[in-house]
Amino acid sequence: MSELRRRLASWDSIIIALTVLVLVIASVGVPNFGTSRNFTFLILDLMPIVLVALPMTFIIVTGEIDLSVASTLGLTSSLMGWFWNNGLSIEMIIPLCVLVGALLGAFNGFLVTGLGLPSLAVTIGTLALYRGLAFVVLGDGAVADFPWNYTGWVTGTIGGGAVPNVLILIVALALIFGVVLHATPFGRSLYAIGANAQAAHFSGIRVARTKFWLYVASGAIAGLVGVLWTLRYSSARADNGSGLELAVVAAVLLGGVSIFGGRGTLPGVLAGVVLLAALQNALRLQDVSGQALNIVTGALLVLSVLLPNVTSSIRATWHRRRLRQAAAH
Amino acid sequence: MLRTHHRLLSAASASLLVLGLAACGGTTKDSSSSDGGAAAQPGASADPNAKTKEGLKIAFLPKQLNNPYSDVETSGGKVAVGELKGEYKLVGPNDASASSQVSYINTLIQQQQDVIVVAANDPNAVCPSLNQARQAKIKVVSFDSDASKDCRDAFINQATTQGIGESLVKMANELAGGEGEIAILSATPNATNQNAWIEVMKKELAKPEYSKLKLVKTAYGNDDDQKSFQEAQGLLQSYPKLKVIVSPTTVGIAAASRYVSSSNYKGKVAITGLGLPNQMREYVKDGTVKKFALWNPADIGYLAAYAGAALASGQITGKQGEKFTAGKLGEYTIGADGEIVLGPPTEFTAQNIDQFHF
């Protein structure tokens, strides 16, 4: 019973319930929200955020952060345009971009684990560095003439129906990351690192090596999203994805992952992403202005940091009271 | 750490192997055709006598909200939609980025608008969703900054690109006294219209009569007041002999004028370009700016709304040679590639500026 109550009261179940509630209310109350076409648009809008959020969840669970993801995306997008202009085939460009992303992530990982620098400082640095390089590669121009069968695949749906092609990719990657985080010793070791890196180290977990590979994964996924972004908008540009890192961190924190590490679940994060995207989509359909959207998102974030702390202190008070009652009997 | 390096190397070499395999035969720039996905409507034919529909839902999507120039443009659109007895709507992103417009187009499709009037931040990035809109029987009119021509029905051009480029160089030449260094302060590097004007300016400058004018730099203020101000400052610091800054954007010219009028460059460096009379009035009065040019932006929105209504009513389809009437502005004829030209720009000086209020 208490296990059930604990689970019901945990932040990620609150956020999942809230997400379902918003989806239901919007489907009933917002005209054109519950249509299959809007479903496709919604998935396409949240695709970059959800994909980048997967490795970001891992990294934040270990108590670190990667703010360079959007710049990595921009740099791979630029490179994609440059490669394409230089006659490389798209089938070669795509894996190459993912590889470049992984290498950019490895550079972050090396600075954080090899040199022991704080990840916040490192990735703020590479945020600027990678974006700068993106402009070096492609300058201010845009490359647009990517093959229709690839751009069309990214924006298209399975058999012309309601399910976007990219949803397959999202589901597959979310399943892989979910299983790794919640059902493997590796996943458990991430929580151990986040809770207490030193204790994790002494219990035999290779903290530095683990973190290094998380950055590689984060970079590789950002590279992949760079490709998908470029194909979705048929436009390789150095400024692609600007500001995406904040949307991702917002969704991860809203999903119940503690910024201090050691706590949070992937289902919670997925709910956080869907909640933010669905709210924005629904409010936009209601012609709510962009500024108001920012206010709603910001308020949700503040709540997501505030409420878990409030509820946990309330729970602690209850717990103490119950202990006292038990002692009195 | 050593083992890490080994793994990294093996991962890298494995990826390279995959690449090598993929390189043999594949889709390259040369082998792919880029015409896919265009939603042309070949069967449609125009009926010039068709009645203008009432109650049309006409939505404006400028490059970004809260930009004084596009506010004036869309205000003209609002007036026209009122005359047409339609439903006016204004939506748009807070930042002028290429991809943020797409979500708004998608929303307008969902809301089943009849006409979308859009100023594209990137001519290609908006294309897939504009074509989806057209498949959903929505008419697409681009204004101010064109979308790729195969994803809109008509384009409202402020003036011909050639005409604007020529008049910018002519004004710069007069202000420089026929010789010296000039610089351009543009908006975003990808703004279609800005780049087209700059191209014409460069061609004009190559002519013998402008051989003593030297274009030293094109700077970008991103249509952001503060960035434009800093770029203007930077230009004057890097080029001490600079005589004229030509800023073909209302945000840029106002910021550059503000900087020059408050610095000791006042009276030494001339500013010209395309600006709004209301924003430029004080700089014209205090002598910082001798002349600049613009069309009436409210007329662009006005014309775009009428073109959209004519399209949605079936009076025109966007083909060259078709005619329609745009309220108080009179009759217009569609040019090549669905282009509709508003008219020649007006030059504003201390003598006439008080006649204009926008």
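Predicted model: local features only at pLDDT ≥ 70, side-chain atom pairs only at ≥ 80, totals over all residues.
## Helix 5 of chain A

Helix 5 of chain A covers residues 90-114, which is 25 residues.

## Packing of helices 3 and 8 in chain A

Two packed helices are described by the angle between their axes and the distance between the axes. For helix 3 (residues 36-61) and helix 8 (residues 165-183) of chain A, the axes come within 10 Å and cross at roughly 25 degrees. Helix 3 of chain A is therefore roughly parallel to helix 8 of chain A, since angles under 35 degrees count as roughly parallel. The crossing of helix 3 with helix 8 in chain A is left-handed.

On the helix 3 side of chain A, the residues in contact include F39(A), I43(A), M47(A), L51(A), L54(A) and F58(A). Their partners in helix 8 of chain A include V166(A), I170(A), L173(A), F177(A) and L181(A). By class, this contact between helix 3 and helix 8 of chain A comprises 17 nonpolar residues, 1 polar residue and no charged residues.

## Composition of chain B

Chain B contains 10 helices and 14 strands. The chain has 358 residues, of which 54% count as buried. Among contacts in chain B between residues at least 6 apart in sequence, 71% link residues at least 24 apart.

Note on methods:
Residues numbered from 1 in each chain as written. Chains lettered and ligands numbered in written order. Heavy atoms only, no water. Helix = DSSP H or I, 4+ residues; strand = E, 2+ residues; numbered from the N terminus. Expected span 1.5 Å × (residues − 1). Axes fitted to C-alpha atoms, helices over the stretch in contact; angles between N-to-C directions. Parallel < 35°, antiparallel > 145°, perpendicular 65-115°, else oblique. Left-handed = near helix turned anticlockwise from the far one by under 90°. Contact = heavy atoms within 4.5 Å. Nonpolar A, V, L, I, M, F, W, Y, C, P; charged D, E, K, R; others polar. Buried < 20%, exposed > 50% of the residue type's maximum accessible area, 1.4 Å probe, protein only.
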